[in-house]
Amino acid sequence: MFRVSGSRTRAGMESDPLLASVEKSWCADPDFSSQERLQNPCSYSSTSGAGVLLQGEARSEVPNGVADEDLYVNQAVVFIEDAIQYRSIDHRVDRNSLQLYRWYYSDLCQWILNVTICVNLALAFVESPSSLTLTSDVRYRKAAWEPPCGLTESIEFITFLLFIADLSVKSYLIGWNEFMKNKWLLCYIVTLSVSIADWTVSLCFMCREGVRIRRLLRPFFLLQNSSLMKKTLKCIKRTLPEMGSVMLLLALHLCLFTMFGMLLFAHAKDSKVDVEWLRYFRNLPDSLTSLLVLLTTANNPDVMIPAYSFNRAYSLFFIIFTVIGSLILMNLLTAIIYNQFRGYLMKSVQTSLIRRRLGIRAAFEVLAFYREVISPTRDQAACVDCETFLKVLQKVKLEAYCKMAIIEEVKSCARGAISAERFQKLFDELDKDPIRQHPPQPMYQSRFLQILQVIGSHRYFDYLGNVVALANLLSICIVLMVDAEKPGSDRDDFSLGAINCFFILYYVLEMALKVFSLGIKNYVSYPSNIFDGVLTIILLVLEIATFAIYKFPHPGWKPDMQGLLSLWEMVRLVNMFIVFRFLRIIPNMKVMALVAGTLLDLVKNLRAFAGILVVVYYVFAIIGINLFKGVIPNPRNASSNFSLSANETLPCGSFEQLEYWPNNFDDFAAALVTLWDVMVVNNWQVFLDAYSRYSSPWSKLYFVAWWLVSSVIWVNLFVALILENFIHKWDRSYRHSAAMTPSQEVEYHMTVQLMFREDLEEPTDEELLDRLHHHPHLHLSR
């Protein structure tokens, strides 16, 4: 039987207990018969003739054999919601804990927690050194507003209180014993303790301490709140050993060619040959840096030109290095990252599938017992009443289309009962793509109106609209090319104004005809129509405002500025929206629609990978501020280390000549942009050179570490996931295209779990029951 215990716990909600081996004894009662179950009104039946016993509060609330329907229903609701969200079911299931659990995972509570994390992370933009300046350029930046001591600290303390509440709720729901075994929650309490201690030190020093340790710890709050992010981090950690072999080979390749380069371009008497040595191979650090940058092709062909100018045979050295390093080893690293990370991530997704099946099975066991208590039968196989299940389903937080599909399936069940196998299959609707049925079109009696309706709803009318939008775009390009060199005083806005007036009038008529043909409900059921209609209304409003302020367009149309925007600015704003409206062609081109859909899925469903990047950016930015704050001098300051005589010229391609002064680590926002510029690796050798001159040659280690983490590891992971997402969506689109009718539209809900769904193994019924045996609160006795 299952027995809900209030004292014994096993695994935390945030842990991953389903793949770990469980060494725990469980109660075996072979003499527990059906007659005893009838005498004990608090036992749950299972398909094996077992049951669940709810101790404590539930026992006292089940007098005279009357089952507590609300408790059983709420338990089933929570188990199903855990299954939907791929959460672990290893938590307390008594009445008060269930209420607390549902409140904790409510939209409001999770929204408050997410806002708290965002506010805690955003404090870095405001606290010293503040990013509240118009520019980060050291030449033009004015003194930033610094918050008074205690302002950001008060906000931070409020976030700490909410984190403490979050930790307390999690600890209570999983139990103290399992809290002590959960590494993430233990790190949570250590991080909070260190942060509060560091916050206290800040107040003691009146906010003038040099280093704030808690700033480095803030990203942990983001990590611990996302189970998928923790799984991603775990997969990355497991992928590192496989990447290490290629990284070692890459390091060996770099070192060998560095030695060859230093021997090949050694210091010589001939000044022509010495140019290569002087610029790139003067010593070991410079040689390593030059070839490391060449590995990213950022300094190609600059690094080769001095030697190549002297002898064309020298180009072979750089070509061979680039072919082996950039084209072979780096792409091999991408392949290894894709293959290994995909395998580990699939294992993690397999765990999520087991969690879903386990949660659904636990809900079935609860409801099956309730059915046996209220109406004992002699059936060997346990079942769930359809009426009771529908009550549960009404309380479950679920997408409306899934809920309606499950209800239709339940109504078709024979004898009003659902078996365990059928109960699992009901929730397969969660993995199906919803088919959107559009409302019917209005019916018109007039022959003329029917002809207009056919024209407005025909696909060729959409094609005509796309051609008109393309013509509008081309006309704007032509006018801009003609007027590109004209100053504002000589520009005649009549051409653009007349063109805009004509095309906007067409867009309004097109929208009106579509609304007339399809009906307002059918029209707004298409996302492309909503996009098109909103932009058309915005263009119409802007055009009416332009006419109201500057009258109708006419030759020599150059009125003086009135209101907030000049005529030219109003026309440019209209043209920007027209260019943006041209994106309406995407749904009509299948390949382009798939690419756009893949990008949207990455934004919506791969937040865990973006979250990992945010964590890495945050940590490296804080470290960069502590290392390089104030290192880049103001060139206009006579007391700075940077000085230039009147006859002296800046070296071509240097930090000073390229005017990279805004790229610094003087505040958090500037640090983020600087790290982005280095991650792109375009001209990143400029940053290596500048910071090694202004701070220390050891600063190169910081930028190389950032390049490895961001460009080599994370970007390759992101590329691998884009490929996986696009291939999966491409295959699904072609499978569905043959089965869909023109009036049906498949709305793809891509998730990481669905990406690997076809490669996952379904757990057997015995495996699920065995895992339920080891549940910390449900003890299965046989």
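Modeller: Two residues are in contact when heavy atoms of theirs lie within 4.5 Å. The model is predicted, so local features need pLDDT of at least 70 and side-chain atom pairs count only at pLDDT 80 or more, while totals for chains, interfaces and linings use all residues. Residues are numbered from 1 along each chain as its sequence is written, and side-chain values use heavy atoms, with hydrogens and water left out.

Biologist: Which residues of α10 and α25 meet?

Modeller: From α10 come L228, M229, T232, L233 and I236, and they meet R607, A608, F609, G611 and I612 of α25. These residues divide into 7 nonpolar, 2 polar and 1 charged, where Ala, Val, Leu, Ile, Met, Phe, Trp, Tyr, Cys and Pro count as nonpolar, Asp, Glu, Lys and Arg as charged, and the others, Gly among them, as polar.

Biologist: Why are α10 and α25 called roughly perpendicular to each other?

Modeller: Helix α10 (residues 227-264) and helix α25 (residues 607-628) pack at an angle of about 70°, with their axes 9 Å apart. Angles of 65 to 115 degrees count as roughly perpendicular, and α10 and α25 are therefore described in that way.

Biologist: What makes residues of helix α9 buried, and which are they?

Modeller: Buried means under 20% relative accessible area, with a 1.4 Å probe and protein chains only. In α9 (residues 213-224), the buried residues are R214, R215, R218, P219, F220, F221, L223 and Q224, and what covers them includes α5 (107-126), α6 (151-174), α8 (183-204), α10 and α25. Across the protein, buried residues make up 48% of the 782 residues.

Definitions and conventions:
Axes fitted to C-alpha atoms, helices over the stretch in contact; angles between N-to-C directions. Helix = DSSP H or I, 4+ residues; strand = E, 2+ residues; numbered from the N terminus. Parallel < 35°, antiparallel > 145°, perpendicular 65-115°, else oblique. Buried < 20%, exposed > 50% of the residue type's maximum accessible area, 1.4 Å probe, protein only.
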